[in-house]
Amino acid sequence: MGSFAKLAKRAVETEAPVMVKIQELLRGAKDVMSLAQGVVYWQPPESAMNKVKEIIWEPSISKYGSDDGIPELREALLEKLRRENKLTKSSVMVTAGANQAFVNLVLTLCDAGDSVVMYAPYYFNAYMSFQMTGVTDILVGGSDPRHFIQMLRISELCKNAGSWLVVDNTYEYFMYDGMEHYCLEDNHIVNLFSFSKAYGMMGWRVGYIAYPNGTAGFHDQLLKVQDNIPICASIIGQHLALYSLEAGPEWIRERVKDLVKNRELLIKAMSPLGEDAVKGGEGAIYLWAKLPDNCSDDFEVVRWLANKHGVAVIPGSASGGPGYIRVSFGGLKEQDTMLAAERLKRGLQELVTKGMVQ
Ligand SMILES: Cc1ncc(COP(=O)(O)O)c(C=O)c1O
């Protein structure tokens, strides 16, 4: 074995990316259906893709653009934030996805040694961003929705403590059963957004930060970080984002409403785990399920489900919930979800009755 002597401790001591581990698992196993990665099955709006094809040879597409984002997109986003999110005192920076937006914020708002609070099940990449920048005092709040405090209360607590509140709105359009998404705005609040899931633009890498324009110095510091990581988000991706905005929320909601069927299929598939074992699914694209008490090694269960039953999910420990699994209902069309659900049900039935028989 080699030694880590010459590698940075902050990288070595950061968790390994769970999605990479799962992709390795998928490569090693035959015919595995994935309910693992947080993706949607659709592609960007056809009209937007066609427009992008037409501008590909324009010289500006291959040059660097403004660090903050191309002006037309920023203007359209400010209007979207005002109209849909009721954010009227925010400025916008376009990033290479919400992931990079989060890293920008960690580098802009946190010093090594600072303390942060997250709620489980958290987004594993956010946790890693803290770890690799030396923000290792990470307090994780419980995942039981009955103990969950309200956003307004969280905001108030942050304000009183002189803390920032960063809200990830990646799934703003993914709301079901009449629930509605809303944003909070104040000088201590930063909102993140993503084009990835809403417009099926995962690989185009476009997201944005809405930050308070009343906070002196925020933009100057954020700009230093942005200029050192992507310089600017992909210019062609930003144009696709701009054209996608023309398709608008209705285009997204048309697709999101069909995910309800997938969610129901997967909730049923997890019935062998017992009543009350499955939580979540009111928003976003995930279900969160408690494994039987004797299955504390959730990664082993995930490996077994993939190898023996041909279905991949995410181990809960990657999101701060050991003994759970995370199941995504966004990545497969209904027909495929049906097949994956059958496999998952068969696997969980066997797990509950006989254990992980090889
Ligand atoms: C909560 C959350 N935030 C951010 C992201 C990453 O989004 P992006 O593709 O915009 O970087 C994901 C992706 O799974 C996510 O689930």
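A277 is buried at 7% relative accessible area, where buried means under 20%, exposed over 50% and partly exposed in between (1.4 Å probe, protein chains only). This is a predicted model, so local features need pLDDT of at least 70 and side-chain atom pairs count only at pLDDT 80 or more, while totals for chains, interfaces and linings use all residues. Residues are numbered from 1 along each chain as its sequence is written, and side-chain values use heavy atoms, with hydrogens and water left out.

**Around A277**
- A277 sits in the loop between α10 (259-269) and β8 (278-280); helices (H or I, at least four residues) and strands (E, at least two) are DSSP runs, numbered from the N terminus.
- Leaving aside residues up to four places away in sequence, A277 touches W288, A289 and K290, a contact being heavy atoms within 4.5 Å.

**Salt bridges**
- The count comes to 17 salt bridges, each a side-chain nitrogen of Lys or Arg within 4 Å of a carboxyl oxygen of Asp or Glu.
- One of them joins R343 and D31 at 3.0 Å, N to O, linking helix α12 (residues 334-354) to the loop between α2 (18-28) and β1 (33-34), 312 residues apart.
- Within that pair, R343 is buried at 15%, whereas D31 is exposed at 56%.

- Salt bridges link E79, R82, R83 and E84 in a network.
- R83 pairs with E79 at 2.9 Å, N to O, and with E84 at 3.8 Å, N to O.
- E79 and R83 both lie in helix α4 (residues 71-85), 4 residues apart, about one turn of the helix.
- Relative accessibility is 34% for E79, which is partly exposed, and 47% for R83, also partly exposed.
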